[in-house]
Amino acid sequence: MAERADGFTLDEIVSRFGGELIGDGALRIRQVATLVLAGPGDIAFLANPKYRKQLKTSRAGAVILSAANAKGCPLPHIVSDNPYAYFAKVAQWLNPPPEAEPGIHPSAIVETRLDASISVGAGAYIGPDARIGAGSLIGPGCVIGSGVSIGQQARLFANVTVYQGCAIGARAIIHSGAVIGADGFGIAREADGSWTKIPQIGKVVIGNDVEIGANTTIDRGALDDTVIEDGVKLDNQIQIGHNVCIGAHTAMAGCVGVAGSAKIGRRCTVGGGAIILGHLTVADDVNISAATLVTKSISRSGTYTGALPFEPHRDWLKNAAQMRHLDAMAEKIHELEARLAQLEKKT
Amino acid sequence: MAERADGFTLDEIVSRFGGELIGDGALRIRQVATLVLAGPGDIAFLANPKYRKQLKTSRAGAVILSAANAKGCPLPHIVSDNPYAYFAKVAQWLNPPPEAEPGIHPSAIVETRLDASISVGAGAYIGPDARIGAGSLIGPGCVIGSGVSIGQQARLFANVTVYQGCAIGARAIIHSGAVIGADGFGIAREADGSWTKIPQIGKVVIGNDVEIGANTTIDRGALDDTVIEDGVKLDNQIQIGHNVCIGAHTAMAGCVGVAGSAKIGRRCTVGGGAIILGHLTVADDVNISAATLVTKSISRSGTYTGALPFEPHRDWLKNAAQMRHLDAMAEKIHELEARLAQLEKKT
Amino acid sequence: MAERADGFTLDEIVSRFGGELIGDGALRIRQVATLVLAGPGDIAFLANPKYRKQLKTSRAGAVILSAANAKGCPLPHIVSDNPYAYFAKVAQWLNPPPEAEPGIHPSAIVETRLDASISVGAGAYIGPDARIGAGSLIGPGCVIGSGVSIGQQARLFANVTVYQGCAIGARAIIHSGAVIGADGFGIAREADGSWTKIPQIGKVVIGNDVEIGANTTIDRGALDDTVIEDGVKLDNQIQIGHNVCIGAHTAMAGCVGVAGSAKIGRRCTVGGGAIILGHLTVADDVNISAATLVTKSISRSGTYTGALPFEPHRDWLKNAAQMRHLDAMAEKIHELEARLAQLEKKT
């Protein structure tokens, strides 16, 4: 926090993160901001050429941009191959997470031994045999089941639930309301239509540097484990079924659902509201567009889409009426072609 | 509650809310009900002419309806321009929210000063420098971060989480499991495919008279704030991304997702399961149908739709097979037209 | 747990659950596993003929399968008409839920009388007049409102919220973050576009043997009750609106949304991410496919689908462009047919 109040000079920033500085290296930067709202103590970034004209009117102290956008930039600037990632690092340096006071709040119930560097919030519960790494933060109201392991420097915000036996790596960030390790949806149908529950005896294993959004749920495995590899980033309200495996550095936007036993590759991106069915495989480096339903395996990298374009309701009514007649339409075209060919022969 | 036991006469109701009474003003109404289930002490409403025939058999003590539906109504009735809204007000008068006992439950942890009129439930946690308005209710298990401000007469049900620094207006109703102010999904991609987190230094600012459903999540802003204006109504399981702005009196049904930086107008309605992509603008008075994906800005009011009609699976298989050939189909039609024109010339 | 350590012999299993045993009845089974990962102490199952070849290489101690798949099976096996359901029962026998220690954790707040057989976790809150059946488990951080009734042998995991007055049957399993009985989304529009809340005076009534997934929400009724019948199974992140009725033994996968007053039949299945609109009726034994939007009633059993097939984004761009021109396309075909008929007459 002291760091943020004082900020850093452009020289200090470039010395830490690289890049080429054009301008006064002694200029002190106190915060990050958008080009539009930045003031003289702020550093902004330009990643999309669409916003280049904002450079002319911005009051930012400095801006991070690519060589292609740097020409004629009227502001002090840092040239970087990847301005957005550079900006992210500067933003982190200026905004370290608030330091949590180490220690266990008197109202928390802790049934295991914890390192003195760990912070446990009011009313949190940590079960027997749980192991938590040094410097981690367990927010108020969290419930950590027995035998759970969590790596060092992890941050669990308020009201996170982790079921017994799950493993979470170092530097995890887990937001409020997330539930890790609830039973997968394993039920077997009886002859009379009723269901018999299949005990879910696997667990959830989460790698290092994973972020999990608010109210996201990750189910424990049925027989084997559900696996989230290193560096995966999950937004809010995502549902991950039992025995799913998500490859390293894959990122999913809000409201995505992944059904049981799907294997998602590394470095994939999944747009908001997409649904991925179970027992299929998605290759590395695949991008799924928002609201797309993935019904079968995808074996090569690329972008895949399956959404219906929206339109004014009146137009949609007309077009939607035809969506149930596409097969008939295709047949009619086929028939027309045949009849036309017949005629063409005659004349 | 005493009020409800006694109820009100039709005269008292009309004197408070207006409308024209046809029938005995001394009749005492104790509760609201549907036309079908109402008894002599209940008042019902008729808004949809489709249900007009229910008037004949209803045992309701009275009914609220429009002039158009009032002709020949066999029951005592109140004529109103807006029967449903009139009914809502009568229902509220008959069913005031249960009064919470003021005071802080001994098991709650409160690290700020609170007015004596505020009720804090068992095990709730309220952080330093939080400010809460008079007459508000903080349910059991809620976690209110440091520096949060909440207006007067707000009701937060059990297990709501509000992150530090967020602002919530007067008379807010927030249901269990809602998470206000978790980090937005801000990540920058590095050259190796991994992600660097962008600290989310904005907050969430919520106006007056806003209702937020169970397990709904509203992320804090990345650099600026996420804004929910006065009178917005959000159902359950909605996800609002960082830096979204939702205009006053907009209502969204369950399971909607709104991606980052979308600007939604005033008095809009959004149907269940719709997904609105980020960085776009929706005008005032726009209605988005259920399950519609909004991929670009909407500049004029109206109703917009983008859903595929469902059908028996066997039919769907045939039609769906053509959905991937629409472009080819259009080309074939074009070609047929050309060939036909050619023939027509000849003959 | 002792049972699991010792396991059961094949003779004991067949004696309890029936089926025909081929192999050494004295063989001791300690756990269930997949064919691929099973060892000599494990029993596996084969339900899908696709995996039949795994029998040859499996190291399982025994396998459960149908008569059709049993021929030539090299492993000890139990022949059953319904191998998956048989497997489920064996799995349950080998993996009884961990016994919770009866008693109320000192940090829990209980304002009602509870049977000594009930287990209440750390920091849970149970309101006045709540009634909970013998042998039930209320996890840490749960909030059970006043007047709630819960049957015997129910298991509520950590951080479940049940609003006042709701009723839950025997042997319920409710996962963390679920919210039962929050207000339905009942709002009436005023002439100026603002909304008036309609008090939700119904409750939620849940039958016996119901399982509810993590972060699923079930709203209380507006005037009458929301009803979940016996044996219903709901996965995670499902939203059930007010006054919905779900028939016995219906199962819904994750992320489904059901809008207010929908009546869903018995023994239905609903795929992940499907949205069912309100005020409609779905017959018994209906299967809704994943991501399908149900916009009107379904009166006969069968499978119904409404999803757009996904494809490479480049192909989708071309096909999607035509989706807004289907009506025009149909008209063109009609016109072509007429012109062609005209020509055919001439020649």
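The contact between chain B and chain A draws 64 residues from chain B and 65 residues from chain A. On the side of chain B that touches chain A, the helix α7(B) contributes the most, with eight residues. The model is predicted.

- Elements of chain B that give two or more residues to the side touching chain A include the strands β20 (179–182), β21 (187–189), β22 (195–197) and β25 (217–219).
- Also among them are β37 (293–294), β38 (302–305) and the helices α6 (313–323) and α7 (326–346) of chain B.

**Relation between the copies**
- Chain B is superposed on chain A by a rotation of 120° with 0.1 Å of shift along its axis, at an RMSD of 0.1 Å.
- This is the relation of a three-fold axis.

**Packing of α7(A) and α7(C)**
- Helix α7 (residues 326–346) of chain A packs with helix α7 (residues 326–346) of chain C at an angle of about 25°, and their axes are 11 Å apart.
- The two helices are therefore roughly parallel.
- The crossing in which α7(A) passes α7(C) is left-handed.
- Residues making this contact include A:Met329, A:Ile333, A:Leu336 and A:Arg339 of α7(A), and C:Met329, C:Ile333, C:Glu337 and C:Glu344 of α7(C).

**Nonpolar core**
- The largest nonpolar core has 369 residues, of which A:Val63, A:Phe87, B:Val63, B:Phe87, C:Val63 and C:Phe87 touch the most other members.
- Apart from its neighbours within four places in sequence, B:Val63 is in contact with residues including B:Leu35, B:Ile43, B:Phe45, B:Leu55, B:Cys73 and B:His77.

Conventions:
Residues numbered from 1 in each chain as written. Chains lettered and ligands numbered in written order. Predicted model: local features only at pLDDT ≥ 70, side-chain atom pairs only at ≥ 80, totals over all residues. Core = buried A, V, L, I, M, F, W, Y, C linked by C-beta atoms within 7 Å. Buried ≥ 20, exposed ≤ 12 C-beta atoms within 10 Å, placed from the backbone. Contact = placed C-beta atoms within 7 Å. Least-squares fit on C-alpha atoms with pLDDT ≥ 70 in both. Axes fitted to C-alpha atoms, helices over the stretch in contact; angles between N-to-C directions. Helix = DSSP H or I, 4+ residues; strand = E, 2+ residues; numbered from the N terminus. Parallel < 35°, antiparallel > 145°, perpendicular 65-115°, else oblique. Left-handed = near helix turned anticlockwise from the far one by under 90°.
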